[in-house]
Amino acid sequence: MSKVFVVEIAATLGAVRRLTDDDITDIIEAVIDDLDRLPVEPSVGTVRNGEDVDVTVTVTVDQVQELDALAYAISAVKAAFRAAGIGTAGLVPLRDLRSRVLPLQSQSA
């Protein structure tokens, strides 16, 4: 029996320069475009926090166990962040990263 989980990954982005509103829009679009190729329901929210930007990516995944849902979501969001230029190899470094998994419902196999 599989379950539906909501996985939330929150990151604080720092940059060498202040991210403009257009930069943030481009990041959101790149993350969503990358996640849209997968069987997840993505949502991306942002909030300015001084010079940094807090980004929350939420995906809904269908997995048997909570750890499997977390692993799948982290892998998907990692690829989406890379596509958006976020992370160690990207233009925008991560300052903080947090995640949580919430079960939604069970599905018959």
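I'll start with Asp21, which is exposed, at a relative accessible area of 55%. Keep in mind that this is a predicted model.

Asp21 has a partner: Arg48, in a salt bridge whose closest N and O atoms are 3.2 Å apart. Asp21 belongs to helix H1 and Arg48 to strand E2, residues 43-49, so this bridge ties together parts that are 27 residues apart in sequence. Arg48 itself is partly exposed, at 29% relative accessibility.

How many salt bridges are there by this rule? The count comes to 6. I will go through two others.

One of them joins Arg95 and Asp52, with the closest N and O atoms 2.9 Å apart. Arg95 lies in strand E4, residues 94-107, and Asp52 in strand E3, residues 52-63, so the pair links parts that are 43 residues apart in sequence. Is each end buried or exposed? Arg95 is exposed, at 54%, and Asp52 is buried, at 17%.

The other joins Asp34 and Arg37, at 3.3 Å from N to O. Here Asp34 counts as buried because its relative accessibility is 15%, under the 20% cut-off. Arg37, at 53%, counts as exposed.

In general, side chains of opposite charge can pair when their charged atoms come close.

Which residues gather in a patch of negative charge on the surface? They are Asp22, Asp26, Glu29, Asp33 and Asp36.

Definitions and conventions: Residues are numbered from 1 along each chain as its sequence is written. This is a predicted model: local features need pLDDT of at least 70, side-chain atom pairs count only at pLDDT 80 or more; totals for chains, interfaces and linings use all residues. Side-chain values use heavy atoms; hydrogens and water are left out. Patches are made of residues with over 30% relative accessible area and no salt bridge: like charges are joined within 9 Å, nonpolar side chains (Val, Leu, Ile, Met, Phe, Trp, Tyr) within 5 Å. Accessible areas come from the Shrake-Rupley method with a 1.4 Å probe; for residues, only the protein chains shown count as cover. A salt bridge is a side-chain nitrogen of Lys or Arg within 4 Å of a carboxyl oxygen of Asp or Glu. Lys and Arg count as positive and Asp and Glu as negative; His and the chain ends are not counted. The place of a charge is taken as NZ of Lys, CZ of Arg, CG of Asp or CD of Glu. Helices (H or I, at least four residues) and strands (E, at least two) are DSSP runs, numbered from the N terminus. Buried means under 20% relative accessible area, exposed over 50%, partly exposed in between (1.4 Å probe, protein chains only).
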